[in-house]
Amino acid sequence: IRRHFPEARRYKIGIFLTKNRIKSETYEKKFIALYVGRFAKDQKGIDFFDRIIRKVISKEKRIEFHIVGAGGDGERIISDLSKKYEANVKALGFLDEKRLEEEYRKANIFVLPSRYEGLPAVVIEAQSYGLPVVAFDVKGPKDIVINKVQGTLIEPFDTDAFSRSILRYFQLWKSDVPEYARLKEEISEIIYNRYEVSKILKLMEKMILEVYNSK
C-alpha cells in the first residue's frame, strides 16, 4: 500500500484477545513443548520440526512435545515421530476449546518452526498463557515476540540453534521454577497490554473517526 498509494492513510490493527487475563501457571511435573497448527512443510516447517525434535530428544529425554493439529504434507512426519518416540512425542490431533486450553495451561514453552506466517494468532494465544515462544526470526513471529523477552527468535533456519534454545528453557525451568513462573507472568502481561480487546478497539475507533472526519 505504501508503495502504490503513498498518500493513503494506513492503519495496522492486529487481532485481539477476547478472554479475560488468564493467570499463568508453571507446570512442575514435566517439561512440555507445545505446537498448535497444520502439519505443512512449506509454511509451517514441519520438516524442520522433525530435525528439531530428534536433536532435543537425543540430548534430553525428559522433554515432551505435545503436537495439536492435523492436515498437510507433514502428517507422515508427525506420525512417524510419535511412533518412534512414543514417550516424548504426543500427537493429539484436533482438540476442542476446553482440551486445548488444558494443553496451553500444562505447557512450559510454545514452538513454531514456520518458514513464514501472517500474524500468527496461535503465538498471541500461547503468550496469553505466559508461554515463551521459540520461533525462527521471520515475518509473523518477529512482529509479536520481543527477542530475549517474550521468547527467542532463531536465525532462519538454524535447527541446531532452535534445539539449543528449547534445551535452555528446560534448564531454566529445572533449575529455578520461581524464576520461570516470573518469566511467564511477565510474558502474559506484555501480550495483554498489546492485544487486549479494549486496546485494539481504541485503534479501530481512532481509524473510523479519522476516516469519517477526512470526508
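Me: In this predicted model, which handedness does the β-α-β unit made by β1, helix α1 and β2 have?
Reply: Let's follow the chain in this predicted model. The unit takes in β1, then helix α1 at residues 46–59, then β2. Its two strands, β1 and β2, pair in the parallel sense over six bridges. The β-α-β unit they make with α1 is right-handed.

Me: Which residue in β2 does Phe31 stand opposite?
Reply: Look where β1 and β2 run side by side, paired in the parallel sense. β2 covers residues 63–68. Opposite Phe31 you'll find Ile63.

Me: And on to β3: what is the bridge partner of His66 there?
Reply: β2 and β3 run parallel, and four bridges join them. β3 spans residues 89–93, and together with β2 and helix α2 (residues 75–84) β3 makes a right-handed β-α-β unit. The partner of His66 in β3 is Lys90.

Me: Which residues of β2 point the other way from Ile63, Phe65 and Ile67?
Reply: Here's a handy rule: in a regular strand, side chains alternate between the two faces of the sheet. In β2, Ile63, Phe65 and Ile67 point one way. Both groups are buried, and six of the six residues in the strand are covered like that. Pointing the other way are Glu64, His66 and Val68.

Me: How many residues does the largest nonpolar core have?
Reply: Start with Phe49 and Phe65, which are among the residues with the most contacts inside this core, along with Tyr104 and Phe110. Leaving aside close sequence neighbours (within four places), Phe49 is in contact with Tyr35, Phe65, Ile67, Ile78, Val111 and Pro113. The number of residues in the core is 62.

Me: Is Ser165 buried or exposed?
Reply: Ser165 has its place in helix α6, residues 159–175. Beyond its neighbours within four places in sequence, Ser165 is in contact with Val134, Thr152 and Ile154. Its relative accessible area is 1%, and the cut-off for buried is under 20%, so Ser165 counts as buried.

Me: How many of the eight residues of α4 are buried?
Reply: α4 runs over residues 121–128 and is mostly covered. The cover over its buried residues includes β1, α3, β4, β5, α5 and α7. Going by name, the buried ones are Val122, Val123, Ile124, Ala126, Gln127 and Ser128.

Note on methods: Residues are numbered from 1 along each chain as its sequence is written. This is a predicted model: local features need pLDDT of at least 70, side-chain atom pairs count only at pLDDT 80 or more; totals for chains, interfaces and linings use all residues. Side-chain values use heavy atoms; hydrogens and water are left out. Buried means under 20% relative accessible area, exposed over 50%, partly exposed in between (1.4 Å probe, protein chains only). Contact means heavy atoms within 4.5 Å. Two strands pair if DSSP finds at least two bridges between them. A crossover is right-handed if, with the strands pointing away from the viewer, the path from the first strand over the helix to the second runs clockwise. A nonpolar core is a set of buried Ala, Val, Leu, Ile, Met, Phe, Trp, Tyr and Cys residues joined through side-chain atoms within 4.5 Å.
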